[in-house]
Each structure stands twice: as C-alpha cells, then as structure tokens.
Amino acid sequence: MASSAARKRPKDAATSADQMSRKILLYSVLLALQYGAQPLISKRFTRREVIVTSSVLTCEIVKVICALIIMAKEGSLKKTFSEWTVAGALTASGLPAIIYALQNSLLQIAYKNLDSLTFSMLNQTKILFTAVCTYLLLRQRQSIQQIGALFLLIVAAVLLSIGEGSSKGSRDDGSPDQILFHGIIPVLAASVLSGLASALCQWASQVKKHSSYLMTVEMSIVGSLFLFASTYKSPDGEAIRHHGFFYGWTLLTMIPVLLNALGGILVGLVTSRAGGVRKGFVIVSALIVTALLQFIFEGKPPSVYCIVALPLVVSSVSMYQKYPYRVKEKEL
C-alpha cells in the first residue's frame, strides 16, 4: 500500500505540473491576443473626445470588480480578506504600483527628449533588467541559452518598436546635456524600475503567496488614487470638471475598457505563475499580433522590421523554453 501511494505521488505531481503549464500557455496566448488587439480596438471604439483619465479610471474600477467576482466564484474571497493586512498590501502591491507610476512619468519625460530609435532601443532593456531583478530578489537563474534568447528578444523588440515609431519622426533639437539628463537617464531608470516592479510582483505572488487577483485589486486601487489626485491640476482634470467624466463616451467605449481590464488581470496571472521574464516574451510577441491584425483588418502590410523580427521572436521563445537552467550537483 505504501509503495503504491509512493508511485501515485510522482504521477499526481506530474499531472499537476502539466495542468499548470497548460494554464500558463492559455493565459499567455490570451494576453498576447489582448495586448495585440488593444490598439486597434481602442482606435475603432474610442472617440477622440474621450478624456484619457476617465477611461483609465473606469478600466481600474472594472478590473477591481472582475477580480472580486472571480475570487467570489472561486470561494477564496472571504478567506483572502480575513487574512488581509495593510502592511501586507503595501509591501505586495503598494510599492510596485508606486514604482510603475514613477516609471510611466520617467518614460513621458524621456520620450519628449529622445528620437524614436534611441528611445525604442533603450526602452527594451527593461526585459534584461527584469531578468536581473528576478535573480537578485528570487535567485532565479538563467541558462546561457536563455540569456542568448533574452538578447534575441531585445533585438526583436527594438526592430518592432522602430517599425512602429519610424513614421513619428525624430527629435533632433536639444543639447547633449538635455538628451543625457532628460532622455537617456530617465528611460534607463524607467527600465530598471520596470524590472524591479515586475520582480516584486513575482516575489509577492510566488514567495509571499499573495493572490494575483488580490494584487490586481490592490494595485488598481493604489493606481486610481494616484491618478485621481493628479486630476487636481492636470489638463484631464480640468476637462473632466468642465465637460463631465464621461464626455465623448458611447456604449461602444466600454469594449476597449473591458478588454483592457481583462488584460490587466491576465498580466497578474502570467507574472504570478510564469514570472516577469516570460511576461516580457508575451508582450513582445503581442507586437507581432498587432502587425498581423493591422494587415488583416486595415490592409496595412507589416514593415520590413516586423518581418525580420518574426523569426527572432520565434527563435527566442523556443530557446528560452527548450533550455531552462538546470541546477548543478555542486549547487545542491
């Protein structure tokens, strides 16, 4: 009986791992499709008059509602909130939310002072910084092949970003000091912060066992509070006070809002189960999805950059999955 039970355990563990792998694959595919389709759907169903802050705040509210409904359906809502603490929430979700807000501000500063090519190249280093931060916080090592796959992915991401931003022109004005201190340094700092925030989210979910749905709720609330506070002096805040919160909205405006909320929940699931590095692979893959959807629905052919990047993305994903880091005997 004991030996029979012992034989069942490896099979049960293998079955559980297989089911988890399938879930991760499903979440990753759904996230790539959502992230890839979001620009087209937002462009089609969101009127120019819609105030950006109103759509972002509504999306955060929808994310909170959806996450709470899922938790209630799973039966984990009551237990999760009975164990909830302010300190735990601030550590697991508050800090990453603040870091992401700071990162977005730095990106806005950098984008105004760099040409599209430089900005795209430096912005993609966030994938590498995510790998570094996950190693520092979680001791999650990468094999040599996986490191090579990361660099392939960065090259592909740069090519895709150049193809997307080539039509926007470049910014040739600005002194070298302004480019360095208001362009290069902010975008590199934003990349480091992006990697740190992603690693912190992974640490909270995998080490502290913080529910990804609860993190979605907490980060949405913290982010909404910061955004709401910014409306006190921002142009969007003035527009909301003058025209109303739902100025320019139609029923169809809810379609991209709902899709974006779904994407936020999927990001949490992918990060908690697969890690921030793999989330980077999904996001870059989504850029190719966008190019394909633009060709199908708008007749816009993929750029040469996209065509060159496609085999790089496929190769990098294959390499990263095929050659995971294996613990050596000396490390055991």
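Just after helix H2, Gly 75 takes a positive phi of about 85°; helices here are DSSP runs of H or I with at least four residues, numbered from the N terminus. Please note that this is a predicted model, in which local features need pLDDT of at least 70 and side-chain atom pairs count only at pLDDT 80 or more, while totals for chains, interfaces and linings use all residues. Residues are numbered from 1 along each chain as its sequence is written, and side-chain values use heavy atoms, with hydrogens and water left out.

Helix H2 itself covers residues 52–74. Its 23 residues should span 33 Å at 1.5 Å a residue, and the end C-alpha atoms are 33 Å apart, which agrees; the expected span is 1.5 Å times one less than the number of residues. Among its buried residues are Leu 57, Glu 60, Lys 63 and Met 71, where buried means under 20% relative accessible area with a 1.4 Å probe, protein chains only. The buried residues of H2 pack against H3, H9, H10 and H11.

Turning to H11, its 21 residues should span 30 Å, and its end C-alpha atoms are 29 Å apart, which agrees. Just after H11, Gly 275 takes a positive phi of about 105°.

Finally, the largest nonpolar core has 22 residues, a core being a set of buried Ala, Val, Leu, Ile, Met, Phe, Trp, Tyr and Cys residues joined through side-chain atoms within 4.5 Å. Helices H6, H7, H12 and H13 each give two or more residues to this core, and H7 supplies the largest share, 10 residues. A second, separate core of 18 residues includes Ile 24, Leu 31, Val 217 and Ile 265.

Terms used:
Buried means under 20% relative accessible area, exposed over 50%, partly exposed in between (1.4 Å probe, protein chains only). Contact means heavy atoms within 4.5 Å.
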